[in-house]
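Subject: Structure handover

Hello,

Here is the structure I promised to pass on. My notes follow below it.

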Amino acid sequence: MEYAEDIVKQLKHSRQTAIFGAGIMALGVVNCLLQPPYKLSLLCCLVSDKGNNPAQISGIPVLDFAEAEGILDKDAFIIVAAIDKNLNAMCRILEQHGYFHILPLGYEDDLWSLLRGNFYREQCVKQGKPYLCLEDELQNKNVRVFPAFGGKENEPKTISIYTAKCHVDRELQEDLSRYFWEIPIQVGAALTEQRICSVCDNTGENISVKNRQYCELTALYWIWKNDCSDYAGLGHYRRHFELDEDGIKRLGYSDIDVVLTIPIFDFPSVGEVYARDHVQSDWFVMMEAIQTLCPEYLPAAYEMQNGNFYYAYNMFIMRRGILENYCSWLFPILFYCEEHCTGERSTYQGRYIGFLAEHLMSLYFLYHEKEYKIVHARKHFVEQ
């Protein structure tokens, strides 16, 4: 299946297409849409003020509104590529200049995820790798929703998909009742007396006290040590797997090993973007940990570092045996990083263990990609 077919058709059939923005988000969008399966002819990157912006992005000229007059028609299809908090203001600016055929595309936007999915599938095909879509796999005629009469071979597996929540989470307005199958788990429960979930990460064997650095990984550790379902999964209070009850039931009868989200696209490379957005020395410590604890992963680590894709959010659904193996590999590396990463940090950069773990998950499944049946699921990001 192709993701977001209607939008893709609009993009491909638009007489003129331009990007509004010339920052980090625009860099990724431009480099995605210039390549297959899109191969769009982008007229320009439009900006309000050329000031500190580059003269061009991957060969696409950066123009202000005055320079675009006479070049960019008012009925052009304008893709707004910016961080989510700036989208509404940028759309209003376009409307003030007479442009109304607008497609907002934020970093967390569900649509941007789907457009990346089409692009990532194309890259997989180019490299001779499979790209499996969860929806397609669950509709496979070989997936039986009910076991064969008189047999136990096709009995369904137990599935527990947790959603990490914290007492400081922001209030959300969206109705999320369709995710009734999720199991809320309070993370960082050891750091507060307030209780918001019946399942807390400070029970049983746990690392709840490390939540400020480990983020949702304190839930992962709890699942590893305290849950025994055949499949276990993890999402977030604002990020949810797009699954329904029937899909979960089908997953339990399937031969799927791992479910991951559509990867993030980092340009010019994963390693360079990490150095730009986070503390680069933490990355070096992570690579040192890999070399020290599991050197056989080092070539794949460099491949991931120099590539353009990684699995974000520490979101997954995977078979119990794979979860056991993954966590047994992951947490010693994270403990090494916690011991050796130094320096003052902001509250945001204090979540460095969570950031590193996203890339370690990408590394792990890159290294084991031929062993497991890995499928990709759509996720939904909840706006505030």
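Leaving aside neighbours within four places in sequence, T218 is in contact (heavy atoms within 4.5 Å) with V187, G188, D201, I207, S208, K210 and N211. A word on the source before going on. This is a predicted model, with residues numbered from 1 along each chain as its sequence is written. Local features need pLDDT of at least 70, side-chain atom pairs count only at pLDDT 80 or more, totals for chains, interfaces and linings use all residues, and side-chain values use heavy atoms, with hydrogens and water left out.

Back to T218. The residue sits in helix α8. Helices (H or I, at least four residues) and strands (E, at least two) are DSSP runs, numbered from the N terminus. T218 is buried, at 0% relative accessible area. Buried means under 20%, exposed over 50%, and partly exposed in between (1.4 Å probe, protein chains only). The side chain of T218 reaches the backbone oxygen of C215 at 3.2 Å. C124 is 94 residues from T218 along the chain, and their C-alpha atoms are separated by 32 Å.

Next, D227. This residue is in the loop between α8 (217-226) and β10 (231-236). D227 counts as buried because its relative accessibility is 10%. A polar atom of its side chain lies 2.8 Å from the backbone nitrogen of S229. Beyond four places in sequence, D227 is in contact with S160, Y162, W222, A232 and R320.

Now helix α12 (residues 298-306). Its buried residues are L298, A300, A301, M304 and Q305. They are on the same side of α12, because they cover an arc (directions from the helix axis to the C-beta atoms) of only 155 degrees. P299 and N306 are exposed on the other side. The cover over the buried residues includes α10 (270-277), α11 (280-293) and α14 (352-367).

Last, the sheet. It is open, with 6 strands in the order β3-β4-β2-β1-β5-β6 and mixed pairing. β3 (56-57) and β6 (102-106) are at the edges with a single partner strand each, so one side of each has no neighbour in the sheet. Strands β2 (residues 42-47) and β4 (residues 60-64) pair in the parallel sense over 3 bridges; pairing takes at least two DSSP bridges. C45 has V62 in β4 as its bridge partner. Helix α2 (residues 24-33) lies across β1 (17-20), β2, β3, β4, β5 (77-82) and β6, at about 130 degrees to β5. Axes are lines fitted to C-alpha atoms, for helices over the stretch in contact, and angles run from 0 to 180 degrees between N-to-C directions.

Best wishes

Definitions and conventions. Polar contact = N/O pair within 3.5 Å; in protein donor to acceptor, adjacent residues only side chain to side chain.
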